[in-house]
Number of protein chains: 2
Amino acid sequence: MADVEKYFDLVNQDQQAFIETLREVVAIPSVSGDAARRPDVVRMGEWLQARWEALGATCKRVDPGKQNLHGEILDLPPVILGQYGNDPNKKTVLVYGHYDVQPALIEDGWETDPFVLVEKEDGRLVGRGSTDDKGPVLGWLLCAETHKKAGIEMPVNLKFCFEGMEESGSEGLDEIIVEEADKWFKGTDVVCISDNYWLGKNKPCLTHGLRGVSYFHLQVEGPGADLHSGVFGGTVHEPMTDLVHLLSKLVDVNGKIQVPGIYDQVMPITDEEEETYNNLEFSHTALASDLKNDVLIHAEERDTLKHRWRFPTLSIHGVEGAFYASGDKTVIPAKVRGKFSLRTVPNMEPAKVAELVTKYLNDEFAKLGSKNKMQVIETHGGRWWYSSPKHPNFVAGAKATEKVYGVKPDLTREGGSIPVTLTFEENLNVNVLLLPMGASDDGAHSINEKIDKRNYIEGIKLLGAYLHEVANTDLSA
Amino acid sequence: MADVEKYFDLVNQDQQAFIETLREVVAIPSVSGDAARRPDVVRMGEWLQARWEALGATCKRVDPGKQNLHGEILDLPPVILGQYGNDPNKKTVLVYGHYDVQPALIEDGWETDPFVLVEKEDGRLVGRGSTDDKGPVLGWLLCAETHKKAGIEMPVNLKFCFEGMEESGSEGLDEIIVEEADKWFKGTDVVCISDNYWLGKNKPCLTHGLRGVSYFHLQVEGPGADLHSGVFGGTVHEPMTDLVHLLSKLVDVNGKIQVPGIYDQVMPITDEEEETYNNLEFSHTALASDLKNDVLIHAEERDTLKHRWRFPTLSIHGVEGAFYASGDKTVIPAKVRGKFSLRTVPNMEPAKVAELVTKYLNDEFAKLGSKNKMQVIETHGGRWWYSSPKHPNFVAGAKATEKVYGVKPDLTREGGSIPVTLTFEENLNVNVLLLPMGASDDGAHSINEKIDKRNYIEGIKLLGAYLHEVANTDLSA
C-alpha cells in the first residue's frame with residue numbers, strides 16, 4: 001500500500017479521536033477581539049506549540065508587542081513559528097493558519113454553548129472556530145501526528161506560522177513575516193493556506209484569486225457643533241445633505257460604479273476565463289434562499305460570480321457622526337463621515353483608485369456649491385491577489401483533491417481579501433495555494449458555526465495528500 | 001407709588017436672595033433622562049409644591065403613571081398643579097414651566113460642577129437649569145412671594161402647571177391637560193409660558209409662532225442579514241445604496257425641499273409681515289461667529305429668519321442600522337432607516353405632508369428599479385402654532401416689557417416646537433403668550449448653561465409686570 005493510502009486508512013480509524021481533539025480546542029475561547037479572553041488566546045497558542053513540540057517540531061514563539069484595545073493596553077498573542085523536518089532532499093511547504101476565533105455568545109442565537117463542540121446527527125460539528133480556523137489548523141497537526149503514528153515518513157519539510165490575531169486585523173503579523181522572510185521562512189518552496197471555503201456545499205475547490213479593498217471616509221464638516229434642526233434647518237448648509245448627495249453619485253442601485261475611469265483598469269475577460277464559469281457548483285436558487293429575500297442583481301450565475309470575483313464593486317457601509325440610534329432625534333450633525341469601500345481586481349492599482357475617487361468627489365462637491373468642507377480620506381488600500389491555477393502548486397492541490405474526493409476541484413476566486421496571502425507571496429517570492437477545508441454554509445462569522453464531519457475528516461486527508469503530491473511535483477515546471 | 005413700582009423696588013433689594021434660591025434649586029440634579037436621578041426630579045417637584053403651599057397656594061400633585069426608560073420601569077415625576085388666589089373679580093392666568101433639566105456631567109466640558117451655581121464676574125449665573133427652566137419657574141414663585149412680602153395684592157388669580165418630564169418628551173402631560181381642561185384649568189383666561197429665548201443677547205421679545213415637525217423613517221430592507229461586502233458587493237441590491245439615492249432626492253444643498261407640492265400649502269408673505277423683519281435684533285455676523293464656520297445659506301438676515309420661522313425645511317438626521325462607529329467595517333447592512341424631518345408652517349397639514357412625502361418617495365423608489373423593500377413611516381406629526389401678536393395677551397406682554405426694559409420687544413417666531421403651547425391653546429381655548437426670560441446665548445442644552453443676572457432679575461420683574469398688565473387689559477378686545 002502506498003504511503004498516502006496507509007495515511008488515509010489511519011485517518012479513517014482515528015476519526016473519533018480527531019473530533020475529540022477539535023472538542024478540546026473549541027473549548028478554549030480564544031476570542032482575539034475581547035480583552036477578557038486574551039489569556040485564552042495565549043493559552044490556545046501555547047497548546048499548539050506544546051503539541052507540535054511533543055511531536056518533535058522546533059518552535060519559536062514570537063511576541064508581536066502591545067495592542068491598544070479600546071483603551072486597554074494588552075500583549076498581543078504570540079505568533080507560533082515552527083519547523084517539522086529539515087531534510088535538504090525534501091521540498092519545504094509553509095502552512096499558515098490562525099488559532100483565534102470570532103466572538104460568540106449564546107445570547108447571539110446559538111443553539112448550544114458556542115464553546116462546547118456538539119456533533120449533530122446530520123454530521124455537523126457545531127462550535128466556534130470549528131471551521132474558522134481551528135479545524136484546518138488541527139488538520140496540519142493531526143496529519144503530522146498520524147504520519148508518525150503510522151510510521152510513514154513525512155514527504156516534505158513542514159514550516160508553519162500560526163497567529164492569534166487574524167479575526168482582529170492580524171496586528172503585528174506582517175512585520176514578522178517581513179522580518180523572518182530570509183530567516184525562519186528561508187527555504188520555503190511553496191505556501192498553503194487553509195482558511196477559506198468551498199463555493200458550494202458539496203464540491204471541493206482551489207482558490208487562486210482574491211479582491212483587494214480600498215476603504216474611504218468621505219468627510220463633510222459644517223458648523224462647529226451639532227445644531228437643532230428647528231432653529232437651523234433651512235438656514236445652514238447641512239453636512240448630511242451634502243453627504244447623501246455625494247454618496248448617491250458613487251454607485252447606482254445595480255452596483256455600477258459611477259467614478260469615471262474605474263473600469264479602465266479592469267482586465268478584460270478572455271474566452272479561456274469565460275469557460276471556467278461553466279461547471280462550477282453554484283446556483284442562484286441556493287443563494288437567494290440563503291439571503292432570505294431574492295435581492296440578486298444579475299440574472300445569470302456566472303454574472304454574479306464575475307461581480308464577486310473579477311469586477312470591482314463599491315459598497316456604502318454607513319455614516320459616522322450622525323444620529324444612528326432607534327427613535328427620533330432632530331439633530332443637524334456638524335461633522336459626518338460616510339464610509340465606503342471598493343473591492344479591486346486585476347489590474348487596478350490602489351493609488352490610482354484613490355486618485356480617481358478623490359478627484360471625482362472633489363468635482364461633484366464643487367458642483368454642489370456648499371459652504372461646508374469636504375475631504376476624502378483613504379484609510380486602507382490593499383491590493384488584489386491573483387495566481388495562475390496552472391502553477392505546479394495548484395496542480396498538486398488539484399491531484400490531492402481528486403484523490404480524496406474523486407472529483408476535479410472547482411477553481412474559484414473570492415470577493416473578499418486574505419491579506420496574508422499577498423504578504424507571503426511578495427516577501428517569500430513563492431507560490432501560495434488556498435486549499436479550503438470547509439463548505440460555503442459553515443457560517444464562519446455567524447451563530448452556529450460548524451464544520452461538517454465529512455469536510456473535517458476528508459480535509460485532514462486532503463492536507464496530507466497535498467503534501468505527498470507536492471513532494472512528487474516539479475515545482476519549477 | 002404704583003403697586004408695580006413697589007414690586008420692582010423690592011425685587012431690586014432682594015436680588016441676592018433670589019440668586020441664592022436659584023442656587024438651591026440648581027443643586028437638585030433633576031435630570032429626567034437619567035433613571036438614577038429620578039428621585040432628584042421628584043424631590044424638585046416636591047420642593048416647588050412645598051414652597052407654593054407655604055405661600056398659601058392650593059396644590060394638586062398628579063402622578064402620570066409609569067415610564068419604561070431603557071427597560072427600567074420608573075414612576076413618572078409628578079405634575080404639580082396649583083391655584084394661588086381665587087377672586088372671581090380677577091382674571092386668571094395659567095403659567096406653565098418645567099422643573100426637570102437636561103443631563104450634565106463635568107466631563108462634558110463644563111468649567112465648573114454643573115449642579116453648583118456659579119456667579120461669574122461678567123454677570124453670568126452658570127449652572128444646569130439656570131435658564132431652562134428653573135430660572136423662569138422660580139420667577140413666578142418669587143414674584144408671588146415678593147408681592148406678599150411687600151403687602152401688594154396679586155393682580156390676578158394664578159394657576160400653574162409645572163412638569164418634570166419636559167426634557168424627556170413631556171411623557172404623560174398631554175393627557176393631564178386634556179383631563180383637567182374643564183376641571184383644574186377651568187376659568188383660565190390666558191396662558192403664559194416662559195421657556196424660550198430672546199432672538200439676540202440684548203433685546204427682549206415676545207414669541208407668537210412655532211413650527212410643527214413631521215418626522216419620518218425611510219426604511220430600506222434587503223437581504224435577511226448583514227452581508228460581507230467582499231462576498232456580496234456588486235451582486236445584491238444594497239439597502240444603503242438605495243437609501244442614499246432616495247435621501248439625496250429630498251432636499252438640495254441650499255435647503256430647497258424637492259417633494260412636489262410641499263410649498264403649495266405655505267402661507268404667502270404679506271407686506272405687513274415683511275415689515276416685521278425690519279428692526280429685529282439679529283445679525284449674521286454674530287450667528288456665523290456662534291456657528292464657528294460661516295455655513296449660512298442666505299445672504300440676508302431676513303431670509304435666514306424666514307427660513308427659520310415661516311418656511312418649511314427638511315433635515316436629514318442620520319441612519320439607523322448601518323455602520324456608525326469610528327474605524328472601518330466592510331459590512332453591507334441588511335436593513336437601514338434614514339431619519340429625516342420636516343419643520344412645518346402655516347397652513348401645512350401633517351397628514352398632507354405625510355401623504356406628499358410618502359407618494360414622492362414611493363415614486364422615486366419605483367424609478368430606481370431595486371428589488372429591496374422600501375417603506376416610509378411617519379413617526380410623529382406635530383402641528384405648527386401661530387398666534388396674532390395683536391391679541392390683548394400679547395399687548396399686555398409688550399407693555400410689561402417696555403416698562404421693565406424700556407424698549408418695544410421684538411416679535412419673534414421660533415423654528416422649533418414647544419408642543420405644550422398647542423395643547424393648552426387647543427384644549428383650554430385661550431390665548432397663549434410665550435414670554436422668554438433668557439437670552440439667545442444661554443446654552444440651554446449645552447455645557448456651561450447660564451442665565452445672565454440681568455435677565456434673571458429683570459425677568460422676575462417682567463413676569464410680575466405682565467400679570468399687572470393682564471389685570472388692566474380687556475382680553476375680549
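**Labels and the values behind them**

Q: Why is Glu449(A) called buried?
A: Its relative accessible area is 0%. Buried means under 20% relative accessible area, exposed over 50% and partly exposed in between (1.4 Å probe, protein chains only), so Glu449(A) counts as buried.

Q: What kind of model is this, and how are its parts numbered?
A: This is a predicted model, where local features need pLDDT of at least 70 and side-chain atom pairs count only at pLDDT 80 or more, while totals for chains, interfaces and linings use all residues. Residues are numbered from 1 along each chain as its sequence is written, chains are lettered from A and ligands numbered from 1 in the order in which they are written, and side-chain values use heavy atoms, with hydrogens and water left out.

Q: What makes Arg128(A) and Glu449(A) a salt bridge?
A: Their closest N and O atoms are 2.6 Å apart. A salt bridge is a side-chain nitrogen of Lys or Arg within 4 Å of a carboxyl oxygen of Asp or Glu, so the pair qualifies. The partners sit 321 residues apart: Arg128(A) in the loop between strand S7 (124–126) and helix H4 (130–150), Glu449(A) in the loop between strand S19 (431–434) and strand S20 (450–452). Helices (H or I, at least four residues) and strands (E, at least two) are DSSP runs, numbered from the N terminus.

Q: How do you know whether Arg128(A) is buried or exposed?
A: Arg128(A) has a relative accessible area of 2%, so it is buried.

Q: What makes Lys306(A) and Glu274(A) a link between parts of the chain?
A: Their side chains meet in a salt bridge of 2.9 Å, N to O. Lys306(A) lies in helix H10 (residues 301–309) and Glu274(A) in helix H8 (residues 271–275), so the pair ties together parts that are 32 residues apart in sequence.

Q: Why do Lys306(A) and Glu274(A) get their accessibility labels?
A: Lys306(A), at 7%, is buried, whereas Glu274(A), at 26%, is partly exposed.

Q: What makes chain A as compact as a globular protein of its length?
A: Chain A has 14 helices and 20 strands. Its radius of gyration is 24 Å, close to the 23 Å that the globule rule gives for 477 residues, so chain A is as compact as a globular protein of that length. The radius is taken over C-alpha atoms, and the rule is 2.2 Å times the number of residues to the power 0.38.
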